[in-house]
Amino acid sequence: MIAFLMGRLAQSLILLVVVSIIGFIVLNLIPGGPMSQYALDPGMTQDDMARIAEQLGLNRPLWVQYLDWATRMVQGDWGTSFRDGSPVTAVIARHVPATLILMGSSTVIAVGIGTWIGVRGATHRYSSFDYAATIGAMIALSIPTFWFGLIGIYVFSLQLGWLPAGNMYTIGDGSLLNYLHHLIMPSIVLALVHIAIWSRFMRTATLDAISQEFVKTARAKGVSERRVIMKHVVGNALLPMITLAGVQLPSLLTGALVTETVFTWPGMGRLFLDSLGYSDYPVVMGLLMFSAVLTIAANLVADIVVALVDPRIRLA
Amino acid sequence: MTKTHNPSTGYSRRDTLRMLAAGGAAGLLAPNLLGKPAFGQPTTPNGRIVVGVTQEPTVFNPLMPHIEVDDSVAFSVFDALFRIDPQGMIVPNLATEVPSLANGGISEDGLNWRVHLRDDVLWHDGTPFTAEDVKFTLELIVNPDFRAWRTTGHALVRDIEVVSPTEITWRMEQPFAPYLSFLTETFIVPQHILGAEANPNEAAFNQAPVGTGAFKWGQRQAGDNVELVANPGYHGEGPYIERLIFKYIPDMTVMYTQFRSGDIDIAGRAFITPDNYAEASNLPGRTVELVPAGSVESIYLNMEKPQFREKAVREALYYAIDRQAIVDILYYGVPRMTETFMPPQSWYYKDDLPEQSYDPDRARAILDEAGWLPGPDGIRAKDGMRLSFANSTTTGFHLREQAQQFIQQTLAEIGVEMTIENHPAAVMWAEFWQQSQFESVMVGITYLIAADPDVTSRFHTGAIVAQGGRGSNNAQYSNAEVDALLEEGTRTFDPEARKAIYHRVQEIIRDDLPFLPLFTNNTVYGRKAGIDGFQPNTNTRSEAWHAAGWYWS
C-alpha cells in the first residue's frame with residue numbers, strides 16, 4: 001500500500017510539472033496578454049503600458065518567468081493576481097465555496113437519480129421505462145448545458161416566476177432558505193448531463209452484476225428479489241462507479257464553468273473564464289494547478305476506496 | 001446641444017464656461033450645479049440600490065491600473081479635487097474653487113498652480129483630510145515603485161508644496177491645460193494609511209479602501225458583488241441611500257433578464273444592448289433612456305498602408321458606406337450620425353462639418369478620376385496595386401461583424417475589395433492594434449480624456465507608436481497643421497480660444513479622413529422608475545459618478 005502510494009505520488013509530481021510547463025507556455029503563447037485591456041483606454045500611453053508591464057515582470061524571458069513562478073509555487077507562494085492585487089490562493093479560496101456547494105448538490109442529485117434510473121433500466125430491461133431513460137440520456141448528453149440553463153430560466157423564472165433567474169442569494173437576504181431556493185435550478189441543470197452518464201454506466205454495470213453466478217445463487221437460496229437487487233446486484237455494480245466518480249469530478253468542474261456563467265454563480269468556473277479574459281496569468285496558473293491536483297487526488301482516492309471496499313483488489 | 005439650457009440651474013453651458021473663464025464665481029455656484037435643489041430626498045440615508053455591471057470591479061485603489069467598472073466604486077468611495085458635471089463643467093469637490101487664470105489659481109504662463117482645499121473633510125476613519133494627502137497622492141502616481149495607472153499630466157508636476165493644510169501649490173514642467181480635467185479623475189488617497197505601507201502595491205488598503213467619498217467600503221463577495229455603505233458625515237450632497245451595491249453579472253443578456261425580473265435596480269455598464277431597447281422601453285415600472293456615449297465608431301484606417309495614402313480613396317470609401325442603413329437596421333436606430341471624433345455633448349463639438357451621404361456613383365467617379373480603374377476581376381487597381389484591404393474587429397461582436405459584411409457588400413459595388421479578418425479581443429488590441437499592424441479596424445474609440453478636448457495622443461505625429469512616438473495614434477495620422485494646433489491647444493487655458501483651435505482640428509480631420517466615422521453611440525440606460533436623483537454624465541466613465549444624489553422617491 002505504502003509503495004503504491006509512493007509510486008503514485010512520484011507519478012503525480014511529474015504530471016504536475018508537465019502540466020504546469022504546458023499551461024505556462026500555452027498561456028503565454030496566446031497573443032495579447034494582460035496589457036491589452038488598457039489599450040483602448042483614453043489617455044493610456046505606450047510608456048505607461050510599458051512601465052506597468054515591467055512592474056508586473058512581463059518583459060522578462062518566458063523561462064525566467066516560469067522558473068520564478070515555479071520556485072515560488074514550491075515555497076507555497078502562488079503569486080499575486082494582476083487584476084485583483086491579492087494573493088492567488090486568497091482569490092481562489094474566495095471562489096471555492098460557491099463551486100463546492102454547486103458541485104456537491106448536483107453530485108448528490110446525479111448519483112441518486114442516475115443510480116435509480118440505471119438500476120431500474122437494467123432490472124426492467126427493454127421496458128418503456130428503459131427506452132425512455134435511454135432516449136432521455138441521449139437528449140441530455142447531446143444538448144449543451146447552457147441551453148438547458150437558458151430554457152430553465154425562461155420557463156421557471158420569467159414565465160412561471162417560481163425560481164430565481166440566477167445568483168447565489170438575494171442581496172440583503174442571507175437566509176438558508178434563500179440560498180437553497182437559488183441552488184435548485186443550477187444544481188439540477190449541472191446534474192442533468194451527469195445523471196445521463198451515471199445512469200448509462202449504472203445500467204451496464206447492473207446488467208453485468210445481474211448475470212453473475214452469485215445472483216443466481218442468492219435467488220436459488222430464496223432471497224427476496226428486492227434484497228437480491230439491493231444487496232447483491234447494486235452493491236457490486238457500484239464498484240466500477242467509484243472509479244467513474246473519480247474521473248467525473250474534473251468534468252463537474254468544467255460543467256460548472258458553463259452553469260456558473262448562465263446562473264451568475266460566483267464560483268471557480270467564472271473565476272477561470274474571467275481570469276482568462278483578463279490574461280490574469282497567476283490566477284489562471286493557480287486554477288490550473290488546483291484542478292490538476294484535484295484530478296490526481298480524486299483518481300487516487302477512487303483507487304484507494306475501491307481497494308478498501310472490494311476485498312478482491314489489493315494495491316501492490 | 002451647446003445652446004441647451006441646463007434646466008437645473010438656468011445657466012447654459014456657454015454661460016457657465018464663460019463664468020469659469022471669468023473667475024472664481026463658478027466656485028460659489030458649484031454646489032447648485034450638482035443636481036436639483038433638495039426636494040424629496042430623505043433626511044437620513046435609507047434603502048438600497050443594486051447596480052448590475054457586466055464586468056467585475058476588482059481594483060479598489062483608484063490610482064492603480066483599472067477598467068471602467070472600477071471607476072464606479074472609486075467615484076463613490078473617493079473624491080477628487082474637482083468633479084466634472086453632466087454639462088462638462090469642472091466644479092470643486094475637495095477643492096474650494098477651480099483654479100483659473102482669472103482667479104490667480106493658475107499663473108499667466110500656465111506653469112504655477114495653487115489649489116485651496118476644504119477644511120471640513122474627514123477620511124472614513126475619522127482622520128482629517130489635508131493638503132498632505134493631495135501631495136502624497138500626486139507623488140505616489142509618479143513613484144517608480146508604484147504600479148500606477150495613467151501618468152499623463154502628473155509626470156509634468158514639480159515642486160509640490162503644502163502651504164497650509166488647506167492650500168497646496170505646484171509647478172508644471174510645461175503648460176498643460178488638460179491637467180484640470182485629468183484631476184477630475186485623480187482620486188485622492190489617504191497619506192496616513194498608504195504612506196505607512198512598505199509596498200503600496202500590495203497594501204491591505206487596496207482590498208478595503210478608505211476614502212472621503214459619500215460611501216464607505218462595506219464588503220465584497222468576490223465574483224458576485226461589492227457592497228458600500230452610506231457615509232453620513234459626507235461633506236457634499238447626500239448620500240440618501242444606506243447601501244450601494246454593485247452586482248457582477250457576467251453576461252449582458254443575463255443582466256437584462258435580471259433587470260426585467262427586478263433583481264437589479266439599475267442596469268449599469270455595459271448597459272442594455274440595442275436590440276433590447278424597444279422591449280425595455282415598454283417595461284412597466286422602469287425608466288429607460290438613451291444616453292450619448294463618449295465613443296465614436298468608425299472604420300479606422302492605417303494611413304501608412306499604400307491603399308489609403310491617397311485622400312481620394314478615403315473619400316470614395318466614405319461615400320460608399322451606407323451609414324443610415326447600418327444605424328437603422330443593424331443598430332436599431334439607437335446611435336446617431338457624426339462627422340467628428342468630438343462627442344456631440346462636448347462643448348467643443350463642431351456641428352457644421354460637411355455631412356457624408358451614401359453615394360456610390362460619386363464614389364466611383366472619384367476613383368475613376370484618381371486613376372483607380374476596374375481590373376479584369378472587377379476590383380479597381382492603380383499602378384499594379386489592387387484596391388483591396390482587410391478590416392478587423394473583435395471576434396464575437398455580432399453587430400460589428402454584421403456591419404462589416406454590409407460594408408463589404410457596398411464597397412464591392414464600387415469595385416473595392418474588403419476582406420474581413422477578425423481576432424479575439426486579446427489579440428486584436430495587443431501589438432496588432434498598438435503597433436499599427438492592421439490595415440483597417442472597425443472600432444469605437446473614446447478620443448477625449450476626462451472630457452478635455454485635447455487629442456494629442458490620438459492625432460499628433462509624435463504619438464505614433466509604430467514610428468517610435470508616444471501615445472496612441474494607431475492610424476499613423478500625420479498633419480503638420482494639426483500638430484501645431486494641438487500643441488497650441490494644450491498651452492491655452494481660455495475656453496473660447498481653445499474652442500476655435502479644436503474646431504479647426506475637427507475641420508482638418510474631417511477633410512483628411514484618417515477614419516471614416518460611422519456613428520457616435522448612445523447607450524441604453526435602464527433603472528427602476530422609483531429611483532430619483534439619477535443623472536447620466538458622459539463626461540465620466542461611470543454611471544455611478546454621483547450615486548450620492550440617488551434616492552428612492
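1. Let's start with a term: two residues are in contact if their C-beta atoms, placed from the backbone, lie within 7 Å. By that rule, 18 residues of domain 1 of chain B are in contact with 18 residues of domain 2 of chain B. On the domain 1 side of that meeting, eleven residues are nonpolar, three are polar and four are charged. For these classes, Ala, Val, Leu, Ile, Met, Phe, Trp, Tyr, Cys and Pro count as nonpolar, Asp, Glu, Lys and Arg as charged, and the others, Gly among them, as polar.

2. Some housekeeping before you go on. This is a predicted model, where local features need pLDDT of at least 70, side-chain atom pairs count only at pLDDT 80 or more, and totals for chains, interfaces and linings use all residues. Residues are numbered from 1 along each chain as its sequence is written, while chains are lettered from A and ligands numbered from 1 in the order in which they are written.

3. Where are the domains of chain B? Domain 1 covers 1-30 + 80-198, domain 2 covers 35-78 + 213-285 + 529-553, and domain 3 covers 293-522; the bounds come from an automatic or database domain assignment. Chain B holds 17 helices and 20 strands. Helices (H or I, at least four residues) and strands (E, at least two) are DSSP runs, numbered from the N terminus.

4. Now for overall shape. The C-alpha trace of chain B spans about 80 × 55 × 50 Å along its principal axes. Of the 553 residues in chain B, 53% are buried, meaning that 20 or more other C-beta atoms lie within 10 Å of a residue's own, with C-beta atoms placed from the backbone.

5. Turn to the place where the two chains meet. Chain A puts 42 residues into the contact and chain B puts in 47. On the chain A side, α2 (46-55), α4 (88-123), α6 (145-159) and α10 (268-277) each give two or more residues. Of these, α2(A) gives the most, with five residues.

6. Next, have a look at a three-stranded open sheet in chain B, with the order β4-β6-β5 and antiparallel pairing. Strands pair if DSSP finds at least two bridges between them. β4 (112-116) and β5 (157-164) of chain B are at the edges with a single partner strand each, so one side of each has no neighbour in the sheet. Five bridges join β5(B) to β6 (residues 167-172) of chain B, and Val157(B) stands opposite Met172(B) in β6(B).

7. Which helix of chain B is largely enclosed by the rest of the structure? That is α9 (residues 311-319), because seven of its nine residues are buried. Among them are Val313(B), Arg314(B) and Glu315(B). The buried residues of α9(B) pack against β11 (286-301), α11 (360-369), α12 (398-413) and β18 (515-528) of chain B.

8. Finally, some backbone spots to check. Most residues other than glycine have a negative phi, and most peptide bonds are trans. The bond from Gly238(B) to Pro239(B) is cis, with omega near -5°, and Pro239(B) lies in the loop between β8 (225-230) and β9 (243-248) of chain B. The bond from Arg269(B) to Ala270(B) is also cis, with omega near 5°; Ala270(B) is in strand β10 (residues 266-272) of chain B. Gln476(B) has a positive phi, near 55°, and is buried, with 20 other C-beta atoms within 10 Å. Leu513(B) has a phi near 55° and is buried too, with 22 other C-beta atoms within 10 Å.

Key: Buried ≥ 20, exposed ≤ 12 C-beta atoms within 10 Å, placed from the backbone.
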